[in-house]
Amino acid sequence: MLGSYVYATSAVLASFLLGLAIGSLVLARRVAAIADHAAFLGWAQLRIAFYALFSIVLATRLPGVYLFLYDISKQHFLFFQILQLTAVIAFTIIPTTLLGLSFPLICAMALKKGLPTGTTLGRLYGLNSAGTVLGSLLTGFVLIPQIGSQAALTLGVFGNGILGIILLAKQKTPARKLAWVGGVILLFWLLVPPWDQRALAVGPYAYAYMVAGEKLQKVTFVEELSRRVRKDPDQAGQKQTATAPQGRKRKSRGRGKEGKVTIGLASRSENFKVIYYKEGLTSNIAVTEDEKGVMIMTVNGKGDASNQFLDMSTQLLLGHLPLLHNPEARKVLVVGLGSGVTLGAIERYPVTDIHCVELEPAVFQGARLFDKYHHSALSDPRVRITYEDARTVLTRSRDQVDVIVSEPSNLWMGGVSNLFSQEHFLTCRKRLGPAGILCQWVHLYQIAPEDFRVILATVRSVFPHLSIWVHNNSDALILASLRPQQLSEPSRFPEAARELTALGLPNREILMAHRMATEIRMEKYLERARVHTDNNPILEFSAPRSLFADRSQEILDTLRRLSAIPLN
């Protein structure tokens, strides 16, 4: 809901630590006044269970809260971060405070029995640390991938509730009171509906600027966004129009995955459905489809692939451009599976080995739904898929490849900037053969011109030859190589030529018209530009600041000016 960028993660972590600290502080001052520690702990566990259930109910309402805060902030980044932190604290402060007082209360109970202080506290701290590690592993690697976040949270609710009831029962709390508390929690749980998959598939953090200033009390976020996409696919410019969530449907009891969605303060029925949803090890993957057959794959609520023209052109060119620059290529490595359309484009060439590296295994089944768009590329015997971090695979491998195609998620997504660092590009250079080509995708929307300049400077610091290609004014493809670049005629590869003709790019001359700048023309532009490194991850912190604005036109204007600079 908040996004996976560094500031949102920091806000959640800070709010939890604040609650734990407040709980410990409160207990330290009141522990002597507590007559029955076990009963106090029991009631604390029951309250945690109740507030956790309450949070489950509110979870799918958070997009509306996000948009409300976004509207108040007037797109001021720092002010919005303060509002977001405040909202997260308000949402978590009670249960985290109760969690914070639980452990010191257990320590006080143990010491009250006269047990050795050092040994007792050491064992309790050890058990607490082991439980924390085991709980994280069990939840992240087993429960969420197997049963989903809502069911995993519900199990936690029952754990806290049962623990509370046991503690109170041992203190001879009246059976009627225990039955009343247990009954309230059980009734509340029975009334909790399944989470709305449409709401979970929407990333308000990624698309809020598209509905900024609207009267959000009269229209939901999903509906307004989908209305804009259907009405004018170029209005929000760029890739969002091709990948923006266009109508996730509520998974309601007895109605499958279609129905009414409520996000914000109003609701309306729409003909959209979630045809695939999976909470994976690292991301939530969803594929949605509307009545016109528009399919969109979202990763953590942000559109990463679709069958709309703008996305299809980018996905196809990612495969075609580097292969046309290295027509003798036989081994290709692709970073990111997505819809699989890029793999399909690469398969139009006489390559012998296509190694795709994808971080999230849940993407594979989502990509299967795009089979007719990538010609069942996943079934091609030349394709092998590794589910692993791309940098790990590239660092560990000693194999040489002819082409590397890299299309990670957007730069402001947490951790993605690792795939734009100087060290990563150096590893790519080592894996490429002498005639090798790196094709790096970069979004032109929701990115500052200075950040785009940093990316170019970082690539240029590793590869001596560089060119930039823009086809749909929303995405840039950076081609980097060790040798001067030469584009081949598409007609050499009939299947590839047919796909490019469908994109309006039938020959070499028309393709060349989309090359915006070469390394010679960028020399002055990149003077004194900073370089993104692992030790100085500039983009990890600067990229999220561009979430609230579309400055693609500024970048395009700069590239056009670079194209007009004389070569002498």
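Predicted model: local features only at pLDDT ≥ 70, side-chain atom pairs only at ≥ 80, totals over all residues.
How many nonpolar, polar and charged residues does the lining of the second largest pocket have?

Residues are numbered from 1 along each chain as its sequence is written, and side-chain values use heavy atoms, with hydrogens and water left out.

Okay, the overall picture. The chain has 23 helices and 14 strands; those are DSSP runs numbered from the N terminus, with helices being H or I of at least four residues and strands being E of at least two. There are 568 residues in the chain, and 54% of them are buried. Buried here is under 20% relative accessible area, exposed is over 50%, and partly exposed is in between, using a 1.4 Å probe and protein chains only. Now contacts, meaning heavy atoms within 4.5 Å. Take those between residues at least 6 apart in sequence: 73% join residues at least 24 apart.

Back to my opening question. The second largest pocket has a volume of about 760 Å³. Of its 40 lining residues, Glu 358, Leu 359, Pro 408, Ser 409 and Val 416 are the closest to its centre. And the answer: the lining has 17 nonpolar, 15 polar and eight charged residues. In that count, Ala, Val, Leu, Ile, Met, Phe, Trp, Tyr, Cys and Pro are nonpolar, Asp, Glu, Lys and Arg are charged, and the others, Gly among them, are polar. Strand S6 (302–306) gives the most to this lining, with three residues.

A word on how pockets and cavities are found. On a 1 Å grid over the protein atoms alone, a cavity is a set of points where a 1.4 Å probe fits but cannot get out, a pocket is an open set with protein on both sides within 12 Å along at least five of seven lines, and lining residues have an atom within 4 Å of a point. Grid points are joined across faces, edges and corners, and a volume is the space filled by probe spheres set on the points.

So, cavities. By class, the lining of the largest cavity is seven nonpolar, five polar and one charged.

Next, a helix pair. The axes of H5 (117–147) and H6 (149–170) come within 6 Å and cross at roughly 120 degrees. Leu 143, Ile 144 and Ile 147 in H5 meet Ser 149, Ala 151, Ala 152 and Leu 155 in H6. That contact has six nonpolar, one polar and no charged residues.

Thr 117 is found in H5 and is partly exposed, at 46% relative accessible area. Its C-alpha atom is 9.3 Å from that of Cys 107, ten residues apart along the chain.

Then there's Arg 348, in the loop between H13 and S8. Is Arg 348 buried or exposed? Buried, with a relative accessible area of 17%. Leaving aside neighbours within four places in sequence, Arg 348 is in contact with His 320, His 375, Phe 493, Glu 495, Ala 496 and Glu 499.

Definitions and conventions:
Axes fitted to C-alpha atoms, helices over the stretch in contact; angles between N-to-C directions.
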